[in-house]
Amino acid sequence: MSVAPVIHQNAAMPWTALAPGIEMQIFHADAETGEWTVKIFMHAGSTLPRHRHVGASEFYILDGRGTHEEAGKFEPGTYAFEPADALHSPVHVHEDVKLFMASYGPSVFLEPSGDTLYVGDATYFAKQMERGPLARAVKRFFFITVWKLFTGKN
């Protein structure tokens, strides 16, 4: 186990797509502890799918405003702590939103039926950090560029 600090410069961190209209910068992902830290950019008009936090998480809104059905209204400067097993409805944003998030376990994203769509955990995020620029660009093209074309977003 390393005890050295991990320091990343924001401008040097690549963006990778998470879901249609949503991308992230992954700052830390530790498969051993299950902890991960990201900055999320939700483009206006995007929706974060219904999800459950297996481990607790906390987030801080950097830019943008909106409403999270379970957590309430948010704006720049809003902080929220979400306990383990918190279940959230889809989060729709009508303007660009950037947030910084630390999570202490997986998030399970759900289909409307309740079936698992995908799991965001430290192992998944660590693998995303290892992807090369071409792989990130291809994923971003489909999840961001094509999404914008189909939704008419600029």
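A: Let's start with burial: a residue is buried under 20% relative accessible area, exposed over 50% and partly exposed in between, using a 1.4 Å probe and protein chains only. This is a predicted model, where local features need pLDDT of at least 70 and side-chain atom pairs count only at pLDDT 80 or more, while totals for chains, interfaces and linings use all residues. Residues are numbered from 1 along each chain as its sequence is written, and side-chain values use heavy atoms, leaving out hydrogens and water.

Helices (H or I, at least four residues) and strands (E, at least two) are DSSP runs, numbered from the N terminus, and two strands pair if DSSP finds at least two bridges between them. Six strands make an open, antiparallel sheet in the order β1-β2-β3-β12-β6-β9. At its edges sit β1 (16–19) and β9 (79–82), each pairing on one side only. Ignoring direction, neighbouring strands are turned by 30 degrees against each other on average. (Axes are lines fitted to C-alpha atoms, for helices over the stretch in contact; angles run from 0 to 180 degrees between N-to-C directions.) Inside the sheet, β6 (57–63) and β12 (97–103) pair over six bridges, and Ile61 faces Leu99 in β12.

Helix α1 (122–130) touches β1, β2 (22–30) and β3 (35–42), and its direction makes about 105 degrees with that of β2. Helix α2 (133–151) touches β1 and β2, at about 40 degrees to β1.

Now the rings. Phe, Tyr and Trp (its six-membered ring) pair if their centres lie within 6.5 Å; planes under 30 degrees apart count as stacked, over 60 as edge-to-face and the rest as tilted. That gives six aromatic pairs. One of them is Phe27 with Phe100, tilted, at 6.1 Å centre to centre and 45 degrees between the planes. This pair ties β2 to β12, 73 residues apart in the chain. Phe27 is buried because its relative accessible area is 13%, whereas Phe100, at 36%, is partly exposed. Another is the edge-to-face pair of Tyr124 and Phe125, at 5.3 Å and 70 degrees. Phe125 is buried at 2%, while Tyr124 is partly exposed at 21%.

Finally, a charge sits over a ring if NZ of Lys or CZ of Arg is within 6 Å of the ring centre and within 35 degrees of the ring normal. Lys98 lies over the face of Phe41, 5.1 Å from the ring centre.

How values were computed: Contact = heavy atoms within 4.5 Å.
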